[in-house]
Each structure stands twice: as structure tokens, then as C-alpha cells.
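I opened this entry to record what I looked up, strand pairing to begin with.

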Amino acid sequence: MAGDAGELPELDLEKYDADECVKIICLGDSAVGKSKLMERFLMDGYRPQQLSTYALTLYKYTTTVNGKTILVDFWDTAGQERFQSMHPSYYHKAHACIMVFDVQRKITYRNMANWYKELRDYRPEIPCLVVANKIDADMKVTQRSFNFAKKQGLPFYFVSAADGTNVVKVFKDAIHRAVNYKQNSSDFMDEVMRELENFELEQREGNSERDEEEEEEEPKEKPGSA
Ligand SMILES: Nc1nc2c(ncn2[C@@H]2O[C@H](COP(=O)(O)OP(=O)(O)O)[C@@H](O)[C@H]2O)c(=O)[nH]1
Ligand SMILES: [Mg+2]
């Protein structure tokens, strides 16, 4: 526990230097190749960080998008997907999602609908990319149509973590979409609004406590008087 906490200040320092930080998560059944894909993309530059408290691995990656330094936190599960559901903190403040299935196992494709539903419960708006992995095992699958992505209006990729087909493309697209989402989403305003609401609530509670002590005051403005 104490060890995990000790790692965090270093992460924060890096964030301080970046123009923008985005969080990208990976979803899908066990053994579809999520970890392999991340490792394939990050190959030499990655430093996996096992955060046992959160049961996940964090891969940090720095890149440039439109001249800005972008720090990417790739989140990978540490096996929690076996329970067909992830902890809410996994989704918290994610800016994009890469959803993976295994072209060799139909069930992993069928389960995409469940993963997608859970994703949308927590993150209704973030970009989501659908990835059909392991095409090296049988290239013929690329002739087949997998309609889930099209139905949901999501970008779709045939990839192979084993031979590297399309891996860089998927991750680059995910980063661009994540940065775009972060810069254009209403997340920030939502946060400001929530802060304001809390502030007003506290003020009101403070006032009503005082009202109990003092004589009741005339309301300053009657509703609809403006
Ligand atoms: N043939 C093939 N096997 C793969 C590919 N990607 C992953 N695997 C294998 O699938 C298994 C599960 O991969 P892993 O990345 O641990 O899956 P995760 O549970 O989704 O993280 C491992 O044995 C990998 O070697 C791929 O593109 N092609
Ligand atoms: Mg894994």
C-alpha cells in the first residue's frame, strides 16, 4: 500500500510537463489479446507499472499531437475482466476505449455488447474503437463481416498483436480521438457546474443553520419577481 502511494508523485511530475494527459482503457474478455496489443504497440518505450491496489497495469506513453506533448496513460486490466465487469474506477475519467475480441472465439465477439453497455453506463460519450484481434491465425476472417461496430457507428479494425498488423494504426487513432474528445468535450464544464452546485448547496446549508439561530429573514427576491 505504502509502496504504491510512493510511486505516484513521480507520475504527477510527468503530467506537469505535458500539455495534455489522456487516459485510454482497454476492454474485452480474458485472453483476447488486450495486454499483447498494448505491449506490441509500446514495445521498447514502455514501462509497465503494476498498481496492485487497483488490480491493473498502467502503461505510460508520451507522444506529440499537433505540436503538443501528450502523456497517455494506457490502462490494462489484471484479470478482473474474468468477472465480466470492471470496477467503476477503471472507467473513471477515461477519454477513449479500445474494445477487443478474438476472431477465433465467437463468444468474445458476442460479449462485446455487454462490455459496450457497461462502458456507456459510465462514459456515455467517449470514443470507442472496436478491434478484431488474432487475424494471423486465420486470414480468411477478414472477409467476414462483424456488424457490431457498424451498428453502433464505431470504427473497426482487423489486427494482429502477434505479427503487428494495424496495431500502431489503432493506437494512434485512439490517442487522436482521446485528445480530441478531451479538448472538445463538456467534461470540464460539467465539473465546474458540479463544483458550483456543491458550493451553493454548502452556502444554503450554512444559511439555514444560521436561520435556525437567528430570526427568519425576508427572502431577498421572490420567485418570479424579476
Ligand atoms: N495468434 C495470436 N495469438 C495472440 C494474439 N494476441 C494475443 N495472443 C495470445 O492470446 C493469449 C492471451 O493474450 P493476452 O494479451 O494475455 O490477453 P488478455 O487477457 O486479453 O490480456 C496469449 O497466449 C497470447 O499469446 C494474436 O494477435 N495472434
Ligand atoms: Mg491481460
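I started at the hairpin that S3 and S4 form, with two residues between them. Asn66, in the turn, has a positive phi of about 50°. S3 covers residues 56–65 and pairs with S4 in the antiparallel sense over 10 bridges; I count two strands as paired if DSSP finds at least two bridges between them. Thr57 stands opposite Asp76 in S4. S4 (residues 68–77) also pairs with S1, in the parallel sense, over six bridges. There I noted Leu71 in S4 as the bridge partner of Cys21.

I note that this is a predicted model, in which local features need pLDDT of at least 70 and side-chain atom pairs count only at pLDDT 80 or more, while totals for chains, interfaces and linings use all residues. Residues are numbered from 1 along each chain as its sequence is written, and chains are lettered from A and ligands numbered from 1 in the order in which they are written.

Next I took the secondary structure of the protein, which comes to eight helices and seven strands. These are DSSP runs numbered from the N terminus, helices being H or I with at least four residues and strands E with at least two.

Which residues of H5 are buried? In H5 (residues 112–122), I found Met112, Trp115 and Leu119 buried. Buried means 20 or more other C-beta atoms within 10 Å of the residue's own, exposed means 12 or fewer, partly exposed lies in between, and C-beta atoms are placed from the backbone. Seen down the axis of H5, its buried residues fall within an arc of 65°, so they line one face of the helix. The arc is taken from the directions from the helix axis to the C-beta atoms. Ala113, Lys117 and Asp121 are exposed on the other side of H5. The elements that the buried residues of H5 pack against include S1, S5 (96–102) and S6 (128–133).

I then looked at the largest nonpolar core, which has 48 residues. Such a core is a set of buried Ala, Val, Leu, Ile, Met, Phe, Trp, Tyr and Cys residues joined through C-beta atoms within 7 Å. Helix H7 (residues 167–184) gives the most to this core, seven residues. Val131 is one of the residues with the most contacts inside the core.

Last, I checked ligand 1. Of the 14 residues around ligand 1, Gly33, Lys34, Ser35, Lys36 and Ala162 come nearest (near means a C-beta atom, placed from the backbone, within 6 Å). Helix H2 (residues 34–42) supplies the largest share of this shell, three residues.

Methods: Two residues are in contact if their C-beta atoms, placed from the backbone, lie within 7 Å.
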